[in-house]
Amino acid sequence: ILLLNRMSENGSIIYGLEFQSRCLCAFVSTEITFLAGTQSLKSDNHIHKITFDDDGNALSKLIFPHPAGEIWHLSSSPFHENVIATVYQHFVNNKPVHGASVCKLSDQDSSLSTEQLSDISCNGSHAVSRTEWHPAEASTILTLVNTSINIWDCDVSKCTAEISKSTTYETKSQIKFTAASWYPHSSNNQIAAAIDTSVQFYDARDPKTLVSSIDHAHGQTIRDLHFNINKTYTLATCGDDCHVKIWDFRNCKEPSVTLSDHGHWVWSVRFNPLNDPLILSCSSDSRVILSRIASVSSHVTDVDAVASGDAQPLEDGIVKIFEDHEDSVYAAEWSAADPWTFASLSYDGRLVINRVPPDEKWKYI
């Protein structure tokens, strides 16, 4: 279905969901595709699958029903076609019921459906906040539940899921885990998890083992974290103190770089999967910022080209500020198919697709 989309003055492609939304993920595909989920208390919720045709500068959409309720988080399996994980909430007798499930999106026979394969919600007794697929093991997925990290063995073909490992952060306060990520190096043997203002590093083989921590990494709650897949020991964090920080987590005392370009809470931070000097962040200040932080990246300067004047050394700074949104921007994601394309999503349901500016792109080619 071709969608009549609106192009902004700067070339951004704008798509509108029918309800408010907080969650966005890159859909694992050979095409530039993103998933976004709606949040409506009174109406049926949906998962929007948006595919961008870069050549034709056009969008196509498929809208899948999500009968389980409001969608609070989405993640796409890197191994199983059309398999995703959703975190959701609905109300029974005016009481919230929380859940998470592994689902399959089906568009067979022109009928769109969302089939639940397995439940990963711990019976809805506590709110799951996030799911993270293992980057190398197709049957492994992580969930965050309050102060617990659960690692599930999820067999998609048999529609089964059970907790294989777990750990709990012992505390008497009301804090909880807000973000987590698998370490993409060293056989994925570590998990980083944000709780309140700190980051905890656990041994993925035995998550009860705390490897290290960055205490008081931010002045207020950490909202997101992301590992650099191109450089070891490199982690980005962001939070309610309006900062984005990049860490070499072998040294947990001081960040390598602190960015203070946002004017309100920062909800998401992402390293570019191919050219890691490029970092994407979004905030409640309604802005998406593309930064270049070459000083702590894997980028190697061509000294001979610089000396001959054929190239310029990469310097840290803002590449571009994108101001296509009018509400808090809760998510920004790089495409899984094209490292030069990304999407962002604001609370009012506006999804915007943008590209790395051409003059910046040519610095890496």
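How many aromatic pairs does the structure hold? The structure, which is a predicted model, holds 13 aromatic pairs, where rings of Phe, Tyr and Trp (its six-membered ring) pair if their centres lie within 6.5 Å, planes under 30 degrees apart counting as stacked, over 60 as edge-to-face and the rest as tilted. In this predicted model, local features need pLDDT of at least 70 and side-chain atom pairs count only at pLDDT 80 or more, while totals for chains, interfaces and linings use all residues. Residues are numbered from 1 along each chain as its sequence is written, and side-chain values use heavy atoms, with hydrogens and water left out.

Phenylalanine 227 belongs to strand E20 (residues 222–227) and phenylalanine 249 to the loop between strand E22 (244–248) and strand E23 (257–259), so the pair ties together parts that are 22 residues apart in sequence; helices (H or I, at least four residues) and strands (E, at least two) are DSSP runs, numbered from the N terminus. Both of these phenylalanines are buried, a term that denotes under 20% relative accessible area, with exposed meaning over 50% and partly exposed in between (1.4 Å probe, protein chains only). Ring pairs also link Phe227 and Phe249 with Tyr183, Phe201 and Tyr233 into a cluster.

A further edge-to-face pair is that of tryptophan 265 and tryptophan 267, with 6.3 Å centre to centre and 75° between the planes. Tryptophan 265 is partly exposed at 35% relative accessibility, whereas tryptophan 267 is buried, with a relative accessible area of 16%.

Charged side chains were examined next. The structure holds 11 salt bridges, each defined as a side-chain nitrogen of Lys or Arg within 4 Å of a carboxyl oxygen of Asp or Glu. Among them, arginine 223 and aspartate 240 meet at 2.9 Å, N to O; arginine 223 lies in strand E20 and aspartate 240 in the loop between strand E21 (234–239) and E22, so that parts 17 residues apart in sequence are tied together. Arginine 223 is partly exposed at 23% relative accessibility, while aspartate 240 is buried at 8% relative accessible area.

Strand E20 also contributes aspartate 224, whose partner arginine 270 lies in strand E24, so this pair ties together parts that are 46 residues apart in sequence. The salt bridge between the two side chains spans 2.6 Å, N to O, and both ends are buried, arginine 270 with a relative accessible area of 13% and aspartate 224 at 2% relative accessibility. Salt bridges that share partners join Arg270 and Asp224 with Arg130 and Glu333 into one network.

Arginine 292 is buried, with a relative accessible area of 10%, and its side chain meets that of glutamate 360 in a salt bridge of 2.8 Å, N to O.
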